[in-house]
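Trainee: Hi, I'm new to this one. Could you walk me through it?
Mentor: Happy to, let's take a look together.
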Amino acid sequence: LVRKFLHSRNYRYRLHYKKLPGRPDIVFVARKIAIFINGCFWHQHEGCNRGGIPSTNKNYWKKKLAANIERDKRNIKEITRLGWKALVLWECDLIDRNKKPRNLEYLIDKIFHD
């Protein structure tokens, strides 16, 4: 969804850039902007109803998802230390409650003007 939106507005980017920690989903190399598109469950979006722990095998899931959160923090900290801007877009922010894509115009401001 995000890639299609950016491409339709003639923004060109790199995918899964291996030279940065965490291999960000979308990277604007010349502008030093790295974007992670996170699923609310896998990255435990705080305050989101999609980010709960499954009721079965709770110990496994708590450990697994906590490790994901810590890895995300380390990656963003390192990317920032390298002089890059790191953005995180959440699944629930991209799709509304009716499973329809949201208007993504706000992304342009968030990516290039924040």
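Trainee: What pattern does the protein chain follow along the sequence?
Mentor: Read along the sequence, the pattern is α-β-β-β-α-β-α-α. Helices (H or I, at least four residues) and strands (E, at least two) are DSSP runs, numbered from the N terminus. Residues are numbered from 1 along each chain as its sequence is written. This is a predicted model, where local features need pLDDT of at least 70, side-chain atom pairs count only at pLDDT 80 or more, and totals for chains, interfaces and linings use all residues, while side-chain values use heavy atoms, with hydrogens and water left out.
Trainee: Okay, and which residues of H2 are buried?
Mentor: They are Trp61, Leu65, Asn68, Asp72, Asn75 and Ile79. Buried means under 20% relative accessible area, exposed over 50% and partly exposed in between, with a 1.4 Å probe and protein chains only.
Trainee: What do they pack against?
Mentor: Strand E3 (33-38) and strand E4 (85-90).
Trainee: And what happens just after H2?
Mentor: There, Gly83 takes a positive phi of about 90 degrees.
Trainee: Switching topic: where is His43?
Mentor: His43 sits in the loop between E3 and H2.
Trainee: Is His43 buried or exposed?
Mentor: His43 counts as buried, because its relative accessibility is 17%.
Trainee: Which residues is His43 in contact with?
Mentor: Leaving aside neighbours within four places in sequence, His43 is in contact (heavy atoms within 4.5 Å) with Asn38, Ile69, Arg71, Asp72 and Trp90. Asp72 is also one of the buried residues of H2.
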